[in-house]
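Here is a short briefing to read alongside the coordinates. Have the viewer open and follow along topic by topic.

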Amino acid sequence: MELITGIGATGSALNAQKTRLDIVAQNIANAQTTKTAEGGPYKRQVVTFQAELAQRMAGRPGGSGGVKVAAISADPAPGQKIYDPRHPDADTQGMVTMPNVNVSREMVDLITASRTYEANLSVVKVARQMAQRTIEMGR
Amino acid sequence: MVQRIDSSLTLQIAQKSLDACVLRQQALSKNIANAETPGYKRVDVAHDFADRLKVAVLRGGAKGKLPNATLVEDTKARVQRADGNTVDLENELLQLNKNQVDHEYLTHLVGSHYKMLKTAITGRNMA
């Protein structure tokens with residue numbers, strides 16, 4: 001029995017959104033990184049979500065199925081090439097391949113993630129108040 | 001004949017509705033948690049629960065058989081995103097608040113019912 005209902009799913013969602021915020025921060029931080037350990041410019045990372053216990057949920061939609069991070073994968077899109085012959089990572093033609101990070105797009109992602117995080121927080125608040133009412137029922 | 005203390009029909013209806021409320025809270029928190037999960041379909045308390053409860057009450061449900069609320073996939077929900085997700089975050093938050101008010105009303109109802117019982121038992125006003 002959960003006294004505060006549905007808090008399990010919400011907790012996992014808060015975690016997942018936080019991971020997403022971390023990845024967005026990483027992408028923005030590396031928006032100009034042209035050299036990485038794997039070689040080549042930094043690749044934008046994308047977080048994919050997955051419903052938790054998807055197979056067990058199939059029969060009963062009532063379970064407290066949360067969300068988890070399915071994968072953090074690299075965006076395969078090619079990075080923009082700019083002409084800068086004095087750049088240490090420039091090729092023989094003087095072109096530098098920049099990371100495929102679009103900062104304005106990352107900002108949109110940042111706001112979406114933070115809004116979803118807030119929505120989940122208000123679920124916690126409501127669930128808590130409901131539990132409080134239930135406890136006070138006999139008084 | 002002495003009636004059982006918890007046999008009041010109002011109390012039974014309130015209990016079933018309260019169960020539905022808690023179930024709904026679970027569904028809504030699940031939906032909001034999965035607002036960004038590709039292909040997730042929103043769940044909700046079965047649409048016909050209120051009708052089934054009403055029918056059972058009209059048939060004189062005091063003798064026991066009131067329906068239980070169940071969670072089902074909401075097939076009427078429109079697809080909100082290209083990945084097939086049917087969660088509309090604003091609507092979920094709206095329903096969450098509505099559900100909270102419903103819950104508050106029902107707990108108040110049950111609470112005052114018990115208060116009445118206490119008054120009847122002790123002969124003192126417990127307020």
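In chain A of this predicted model, 62% of the contacts with a separation of 6 or more are between residues 24 or more positions apart; two residues are in contact if their C-beta atoms, placed from the backbone, lie within 7 Å. The prediction scores ipTM 0.81 and pTM 0.83.

**Conventions**
- Residues are numbered from 1 along each chain as its sequence is written, while chains are lettered from A and ligands numbered from 1 in the order in which they are written.
- Local features need pLDDT of at least 70 and side-chain atom pairs count only at pLDDT 80 or more, whereas totals for chains, interfaces and linings use all residues.

**Chain A**
- Three helices and four strands make up the elements of chain A, taken as DSSP runs numbered from the N terminus (helices: H or I, at least four residues; strands: E, at least two).
- Along the sequence, these follow the pattern α-β-α-β-β-β-α.
- Of its 139 residues, 25% count as buried, that is, with 20 or more other C-beta atoms, placed from the backbone, within 10 Å of their own.

**Where the chains meet**
- Chain B brings 27 residues to the contact and chain A brings 28 residues.
- On the chain B side, helix 1 (9–33), strand 2 (71–73) and helix 3 (89–122) each give two or more residues.
- Helix 3 of chain B supplies the largest share of that side, with 10 residues.
- The chain B side divides into 14 nonpolar, nine polar and four charged residues (nonpolar: Ala, Val, Leu, Ile, Met, Phe, Trp, Tyr, Cys and Pro; charged: Asp, Glu, Lys and Arg; polar: the others, Gly among them).

**Confidence in chain B**
- Chain B has a mean pLDDT of 87, and 92% of its residues reach 70 or more; pLDDT is the predictor's confidence in each residue, from 0 to 100.

Definitions and conventions
A residue is buried if 20 or more other C-beta atoms lie within 10 Å of its own, exposed if 12 or fewer, and partly exposed in between; C-beta atoms are placed from the backbone.
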